[in-house]
Amino acid sequence: MEWVDPKIHVPDDKIASDRVQWAVNNIPKFCILPWLNLHTTPNGEIKLCCSIQTHNSLVMDMENKVERPFNFGYDDITRIWNSDYMANARDSHRSGLGFFACDECYISEERTAHSPRMGQNESWLLRQEVDQDVQKTMELSTTNSDAARIDSKPISLELRLGNQCNLQCISCWPMSSSLIDDERRDIIANSKHDEDPLATEIIHHQWQREVNDVAGTDLREWFDTDQFYDNIRVIAPSLKRLYTTGGEPTLIKANYKVLQMLLDAGNTGCRIEFTSNMKTWNSAFYDRLEQFDEVEVQMSIDGLDEIGEFLRYPTKMTEFYDNVDRLLRIASEKENWTIKVYTVLQACNYNHLMPLWEYLMNQSHRYGVNINWWPITLYMPKYLSLHSVPKEQRLDYVKTVQDNVKIINDQCDIEYFWISEGTEQAYVESLINHDYDDYLNKKLFSYLDILDKSRGTNGVEMFKDLRGD
Ligand code: SF4
């Protein structure tokens, strides 16, 4: 059978800077990241980007007899970048049919009309306007040459260096938090298979699998290898974006080393992005950070006061407020620091976000710093998702969201804090587009009960209004 090139061809008459825009506008499901980005999971295995959730979407070494995931700590970055897997990802993104690993984005677009894919395309298109190196790399996505052997290096890197963390957020899991791993091991060891079959399922099936996964993998050594630092060295001079998360990235020493390697390579133009829970302030991290031209701090805040302390256990709001003040004070003196706040939108906070908006609005005005807020709809674990909240409750709350947006926007200066139409839409669509599942509702309360017993909290009482019947 004749081989058919799966790529959609970008018209040759387009000028260079318009070619990627054409691809974004005309190729369904097109994403620029396979030409720019690599992401490491906490054990060093590689994905295309951080939005990919499922384990079967790892970047694989398919050229040897036994297929295995590439690992950033043990494989050469050039080989990973030019692998058959990456070529396949690029061809799929150019085919208009999408790539199997990117389902999270396509689902999110159906439910909320937004996705990381859309956000990434938009932000890199803006970046290419002011950076010719970025433009050159992005144009590779529109040429018809062999996608496997593209003449470039990744210019964007997303690192998750292990699971060292100082929090046990209720939506997190052992692979991303060392403290959750400890807590769940303890609960598994000390809990019997009791009368609540849903608690048994969570503790002795789901959590047992998760702690086994952690025990069976390397979350410490892969980012201390020569190969890891060789890979960083290869891309350090030309990297345009480093995103790091955790665990809590400001605690992880290898992050300081990577920042230092960028500084040593003279690459202060690399945009540094990181997500922090703001529980601690680590000067070794922030001192290096302040030497870069462009920084984006993404604060994870799921709520304030008792809701915030419950969801992001064991956060103390007073420490958190101090660290946010400290950060905004620095940002107010830096021209190119961007402050974002991401909230994991879930069953336990979907109707508690107004105090957070008021706080962010006041802080943004106080420090004269723009703060951009965005809700990330939670999909896993399912019992914490909006599927667990009776649909009438969510639909009733839509009007409150719309009223709250108006109240906030009436008081806000658009330059500082603003709930945009797109943000409101993403929030409202999430409330509307989840079917209610009674089984998940019951499981949510079994989960809250397990946490209450382990942590001495009162989640079952706090969230009693969510009960289905
Ligand atoms: S389509 Fe979505 S999941 Fe796929 S690479 Fe782009 S941002 Fe990541």
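This is a predicted model: local features need pLDDT of at least 70, side-chain atom pairs count only at pLDDT 80 or more; totals for chains, interfaces and linings use all residues.
Pro 381 sits in the loop that runs between strand E10 (371-377) and helix H15 (391-411). Another cis peptide bond turns up between Gly 246 and Gly 247, where omega is about 15 degrees. Gly 247 also belongs to a loop, the one between strand E6 (241-245) and helix H10 (253-264).

Ala 113 is not a glycine, yet its phi is positive, at about 65 degrees. The residue is found in the loop between H4 and H5. Ala 113 counts as partly exposed because it has 13 C-beta neighbours inside 10 Å, and the buried class takes 20 or more. Asp 305, again not a glycine, has a positive phi of about 50 degrees. Its place is in helix H12, which covers residues 305-311. With 12 other C-beta atoms within 10 Å, Asp 305 is exposed, since that class takes 12 or fewer.

Turning to the sheet, eight strands make up an open arrangement with mixed pairing, in the order E2-E1-E5-E6-E7-E8-E9-E10. At the edges are strand E2 (46-47) and E10, each of which pairs on one side only. Helix H14 (residues 354-367) packs on this sheet and touches strand E9 (337-345) as well as E10. The direction of H14 makes about 155 degrees with that of E10. At the E2 end, strand E1 (residues 37-40) runs antiparallel to E2, and two bridges join them. Thr 40 has Ile 46 of E2 as its bridge partner.

Asn 282 is found in the loop between strand E7 (271-276) and helix H11 (283-289). With 18 other C-beta atoms within 10 Å, Asn 282 is partly exposed, because a buried residue would need 20 or more. Leaving aside residues up to four places away in sequence, Asn 282 touches Thr 250 and Leu 251. Leu 259 lies 23 residues from Asn 282 along the chain, and the C-alpha atoms of the two are separated by 14 Å.

Finally, the ligand. The residues surrounding it are Cys 31, Leu 33, Leu 48, Cys 49, Ser 51, Ile 52, Cys 102, Glu 104, Cys 105, Pro 116, Arg 117 and Gln 120. Helix H4 (103-112) and helix H5 (116-130) are the elements that give two or more residues to this shell. H5 supplies the largest share, three residues. Sorted by class, the shell around the ligand comes out as eight nonpolar, two polar and two charged residues. The loop between these two helices, H4 and H5, is also where Ala 113 is found, the residue with a positive phi of about 65 degrees.

Technical notes:
Residues are numbered from 1 along each chain as its sequence is written. A residue is near a molecule or strand if its C-beta atom, placed from the backbone, lies within 6 Å of it. Helices (H or I, at least four residues) and strands (E, at least two) are DSSP runs, numbered from the N terminus. Ala, Val, Leu, Ile, Met, Phe, Trp, Tyr, Cys and Pro count as nonpolar, Asp, Glu, Lys and Arg as charged, and the others, Gly among them, as polar. Two residues are in contact if their C-beta atoms, placed from the backbone, lie within 7 Å. Two strands pair if DSSP finds at least two bridges between them. Axes are lines fitted to C-alpha atoms, for helices over the stretch in contact, and angles run from 0 to 180 degrees between N-to-C directions.
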